[in-house]
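Subject: Structure handover

Hello,

Here is the structure I promised you. Please open it and keep it beside this email as you read.

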Amino acid sequence: MPEARFNFPKGFLWGTSTSAYQVEGNSKNNQWAQWEQQPGNIAEGQSCGLACDWWGGRWREDFDRAEEDGHNALRMSIEWARIQPAPDRWDEHALDHYIDMIRGLTRRGLFPVVTLHHFTDPLWVDEIGGWENDEVPALFAAYAAKVVEALKSSVTTWLTINEPNVPVFLGYLLGEFPPGKKDLGAAFRVMTNFARGHALAYHAIKEEQPEARVGFAHSFRGFAPARSGHPLDRYLAGLYHRAWNEFFPAMFKNGVFRLLNRRITIPEAANTMDFLGLNYYSSDLVRFRVSAGKEGVFSERFYPEDAELSPNGMIAYQPEELFRAIEWSLKFDVPVIITENGTEDQEDSFRRKYLAAHIHQVWRAVNFNYPVRGYFVWSLVDNFEWQEGWTRRFGLYGLNTETQARTRRPSAEMFAEILKENALTSGTVRSYAPDLIADLFPE
Ligand code: FCB
């Protein structure tokens, strides 16, 4: 059969995503480093340690890998605690370190997409109450301005905050992320302050660099009623969708949002999204239950029974939901970058199919002329997966944490082939994800 191709547009961004804490190593001055110390918080009592040793300089060899594999972009984040180790101190050496890294990217032809906040707060911020404190949004904006001033000659594309909905839910309702609270009032407060923090940072960045493109990275999950005709399942799936998916992007478009019986108004947040970063992994079914589940509401969430799961059951294979997420995002009327997508899979037996199928859905969206501008795999190299420690391996490259040795997984080869062609071809799918050939390229 002759080769068939799903072509991507010229200039489409292809790369991987990383975050400072998860890859840098020796990052001690933030609330995650402290959270890790308390027994029971991280799987198997593990810790981040040296991570991928990017702070020690191994970013160079990993950026080489990205370049050799034909990537043209990379998403990384800046550690607030390194730039501003104390409220009254900027660390210029740390800024120089990031300037070097950004130069390292551009020299290798990797377009930098830079996140300013990816889950970690400096300890001094934590000590004043973290994002529950109404002063923190302005402090965050001041830090953002400082970083943008230093990096603006090489960076035009900024993500203010990564997945603010994740720390709100996991840190203030489920107790799985620091500060480990289960407190709806605190969750609302933090949600509002993250929105304000984004808005203030947006305006501060624009003042420093009017041509900047500023967005945030949004964790999207599909929520469908487990029993489609059940009114309570439907109500709860809708509530999750509003709280998890709609709040932040709608706030950054309109400056106002209604949730439960509250109306939250943040006028300065209106029109503060030049593009939407979409992080997508999996989708849930939602079912009403009579007793309160672990999320404190009368519901439980789970993957469809027949869904294919990643080796540890963390990620479910529902690629069409990525297409639906992109369609949903059209109402915000801004370009979209898929800023994270990927799966844990130490053996790389599931990842190739997962990535190929999701890239195919991105192609479908592009083919409808939806404004999708890029796609980033989470992640380049295995890294410290928050509360799951090192038990979840998301890298295109494997990492031996004892020796720092990297191994190239077949998914890295597959991704390189897609990028070389700027297309998903039948040849690539046949070699790397043969299970998909009949679906994607029917005879
Ligand atoms: C996302 C986070 C990222 C990583 C992936 C697997 O929610 O943004 O840091 O942990 O999940």
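S379 sits in the loop between β14 (372-377) and β15 (397-399). A cis peptide bond joins W378 and S379, with omega about 15°. Helices (H or I, at least four residues) and strands (E, at least two) are DSSP runs, numbered from the N terminus.

Some ground rules. This is a predicted model, where local features need pLDDT of at least 70, side-chain atom pairs count only at pLDDT 80 or more, and totals for chains, interfaces and linings use all residues. Residues are numbered from 1 along each chain as its sequence is written, and side-chain values use heavy atoms, with hydrogens and water left out.

Back to the backbone. The peptide bond from P178 to P179 is also cis, with omega near 10°. P179 lies in the loop between α8 (165-172) and α9 (184-208). D348 has a positive phi, near 60°, and is not a glycine. D348 belongs to the loop between β13 (336-340) and α12 (351-367). Why mention these? Most residues other than glycine have a negative phi, and most peptide bonds are trans.

Now the ligand. W378 is one of the residues around the ligand, meaning that a heavy atom of the residue lies within 4 Å of it. A polar side-chain atom of H118 is 2.8 Å from a ligand oxygen. For E340, a side-chain N or O atom is 3.0 Å from an oxygen atom of the ligand. For E385, that distance is 2.7 Å.

Next, helix packing. The axes of α8 and α9 come within 9 Å and cross at roughly 160°. Axes are lines fitted to C-alpha atoms, for helices over the stretch in contact, and angles run from 0 to 180 degrees between N-to-C directions. α8 and α9 are therefore roughly antiparallel (over 145 degrees). P167, V168 and Y172 of α8 meet A186, A187, V190, M191 and F194 of α9; contact means heavy atoms within 4.5 Å. By class, that contact has eight nonpolar, no polar and no charged residues. Ala, Val, Leu, Ile, Met, Phe, Trp, Tyr, Cys and Pro count as nonpolar, Asp, Glu, Lys and Arg as charged, and the others, Gly among them, as polar.

Last, α5 (residues 92-107) and α7 (residues 136-151) pack at about 50°, with axes 10 Å apart. Their contact is made by E92, L95, Y98, I99 and I102 of α5 and K146, V147, A150 and L151 of α7.

Best wishes

Conventions:
Polar contact = N/O pair within 3.5 Å; in protein donor to acceptor, adjacent residues only side chain to side chain. Parallel < 35°, antiparallel > 145°, perpendicular 65-115°, else oblique.
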